[in-house]
Amino acid sequence: MDLLPVIYNALIVGIFIGSLYGLIAVGLSLVYGVMRVVNIAHGEFVMLGAFLTFFGWTLLGINPIISIVIALVVLFFFGAIIHQCLVERVIGKPMLSSLMLTFGISILIWNTAQAIFTTNIKAVSYLGGSVTFLGVNISKSYILGFGIAALLVAALFAFLKFTKWGKAIRATSQNDEVALVCGIDTKKVRTLAFALGAAFAGSAGSVISMTWFIFPQMGFNYLAKAFAIIVLGGLGSIPGALIGSLIYGAAESLTGQLLEARMSQVVPFAILATILVVKPSGLFGVRER
Amino acid sequence: MNRLIKQVGLILLIAFSGMMVVAPLVFDRADATLAYLILYFIALASSWNILSGFTGYINFGHAAFMGVGMYATAISIADFSLWWPVSWILGGVFAATFALIVGLPVLRTKGPYFAITMLAVAEGTRVLFGTRYMEPITRAGDGIAFSPGISFQTKYYGMLVTVALCVWVSYKISTSQFGLRLMAIREDEEAAESMGINSTRLKISAFTISAFFAGLAGGIHSTFLHYVDPFHTFNIQFTIIPIVMAVFGGVGTVLGPVIGGTVLQVLNDFIWAHFLQLNMAVFGVLLAALILFLPQGLLEWMKEMRWVEKTRKI
């Protein structure tokens, strides 16, 4: 086996799948940055976005690409409700509370989904086929995922940089007490950040339903990946999450090509362990308060 | 009034212990099996509590230790036909060794890092046990079926001894300097370290003890099931249910996991019989509700109400 083309191939594919993971990781990182909560139910938002697209397509005949927007909007409001009713109550409490609470929400969502959707593996076979890009065959859905991820992340950056609410989010993640003193409604900011995180996860799930198989318990895989990515990039750092996602995608794709496809599931743990031993604050870690 | 409640509590505890001792002799098989499962989950919850309750390091991967113990026992009986008590203890020893190896890098992490890394450890172990690289040892996805040839009563009393040991160790920890140091880590790790506490060594000790009991209980349980495979052995429900039990009874208490394990296993039995499909969702709701409304757990709440003596011994 000629190794070099295989590695080249894997790296290009890795960048595409990495961008999709990046979309999930950015949301997780945003939520952590604003309220120091690691949302264990984040993966379930991905799953809900994926099933929304699947059922929109099979039952109502909605074009999956339109479903990306629907998933974005639906998950935005779903996230806002979950935050308002549940997560907001444990803000400022010890880490144990928010971890356990979101863990409970996660279990509730996937098990209910399992009961309703059954455990059968599903997929939206919409964007089949592939195109050649830089001499590598890339599935069309990867290109779509890359496009959506680039668009949404660019929009998020612009939002954080140029709008009043974006500024409020940045202020709150720097120091929520001072932000509160300056007249920022930090509760609304937290709700907005949580809703945005859920919306991004939902849209990623929508693309994933066209790319890979979906099943109710899939959320955990994506949570582990997203978490490995934000640890790699530094908790709470959004540029870190983006660069981390590209490195992660490349690592996962290389492992899958060179070893066994199932071994790529061990990658998040291997990356986590390495980073935590070598540089616990991640590549672009923000200082812990 | 309160003294009366305290005495009632003591009598209940003695009655419960007595009932658990005679259960396999007097109950029919179905009830004795329920009693056995109560003991099994108490062992898991109580061993989880040894690390997470005392040090505040939330372990979301407890099933990994239980699973490693199950595999160690199953393999030592199926392939090496070892005597069953030896293979049970090997389950604990392997789990403890595994914890020692994993703990060295993982316990450098704190808070959410530790919690999710442990989730990934459990998933990673499950995947690893199912890959073809491990097939000569673990039979990959096929699992291992074996017949240990032990009576139900032997397994029952094995589990009872495990639970008794685990609770006794929890009691010893909570009343010792070792336990005080662990609790100092929970309250403020930096302050504890600046007082001269070697937090890494203490955390690894607690982690290893916790894993030993999980592995021992897992090993005994594998001889009860006669079968291990990656999917069932490392199933996340064996992490979730013990955590909910410990939170229900009271995290960081000696008897909390016993109360939580007993009450919730009876509930679990009921859920399995009536809402099989939603069995995990019920625990999800319960966990969220406990965190919102009774975060300190039943036992701590009873201590607040002065129904139980306010001491670390309970």
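Chain B of this predicted model comprises 15 helices and two strands, where helices (H or I, at least four residues) and strands (E, at least two) are DSSP runs numbered from the N terminus. The radius of gyration of chain B is 19 Å, close to the 20 Å that the globule rule gives for 314 residues, so chain B is as compact as a globular protein of that length. Here the radius is taken over C-alpha atoms, and the rule is 2.2 Å times the number of residues to the power 0.38. The C-alpha trace of chain B spans about 60 × 50 × 35 Å along its principal axes. Of the 314 residues in chain B, 53% count as buried. A residue is called buried if 20 or more other C-beta atoms lie within 10 Å of its own, exposed if 12 or fewer, and partly exposed in between, with C-beta atoms placed from the backbone. Among contacts in chain B between residues at least 6 apart in sequence, 78% join residues at least 24 apart; a contact requires C-beta atoms, placed from the backbone, to lie within 7 Å.

Residues are numbered from 1 along each chain as its sequence is written, while chains are lettered from A and ligands numbered from 1 in the order in which they are written. Because the model is predicted, local features need pLDDT of at least 70 and side-chain atom pairs count only at pLDDT 80 or more, whereas totals for chains, interfaces and linings use all residues.

Turning to chain A, the secondary structure comes to 11 helices and two strands, arranged along the sequence as α-α-α-α-β-β-α-α-α-α-α-α-α. The radius of gyration of chain A is 18 Å, close to the 19 Å from the globule rule for 289 residues, so chain A is as compact as a globular protein of that length. The C-alpha trace of chain A spans about 60 × 50 × 35 Å along its principal axes. Buried residues account for 54% of the 289 residues in chain A. In chain A, 78% of the contacts between residues at least 6 apart in sequence join residues at least 24 apart.

A pair of helices in chain A shows how such packing looks up close. The axes of helix 2 (residues 42–58) and helix 3 (residues 64–85) of chain A come within 9 Å and cross at roughly 135 degrees. Axes are lines fitted to C-alpha atoms, for helices over the stretch in contact, and angles run from 0 to 180 degrees between N-to-C directions. Helix 2 and helix 3 of chain A are therefore oblique to each other; angles under 35 degrees count as roughly parallel, over 145 as roughly antiparallel, 65 to 115 as roughly perpendicular and the rest as oblique. Residues that meet include A:Phe45, A:Leu48 and A:Trp57 in helix 2 of chain A, and A:Ile70, A:Val74 and A:Leu75 in helix 3 of chain A. By class, this contact of helix 2 with helix 3 of chain A holds nine nonpolar, five polar and no charged residues. Ala, Val, Leu, Ile, Met, Phe, Trp, Tyr, Cys and Pro count as nonpolar, Asp, Glu, Lys and Arg as charged, and the others, Gly among them, as polar.

A:Arg36 lies in the loop between helix 1 (3–35) and helix 2 of chain A, and has a positive phi of about 55 degrees although it is not a glycine. With 19 C-beta neighbours inside 10 Å, A:Arg36 counts as partly exposed.

B:Arg181, B:Leu182 and B:Ile185 in helix 8 of chain B meet B:Ser199, B:Leu202, B:Lys203 and B:Ala206 in helix 10 of chain B. B:His226, in the loop between helix 10 and strand 2 (227–228) of chain B, has a positive phi of about 65 degrees although it is not a glycine.

Finally, the two chains touch each other through 34 residues from chain A and 34 residues from chain B. On the side of chain A that touches chain B, helix 4 (95–117), helix 9 (219–233) and helix 11 (267–278) of chain A each give two or more residues. Helix 4 of chain A provides the largest share of that side, 14 residues.
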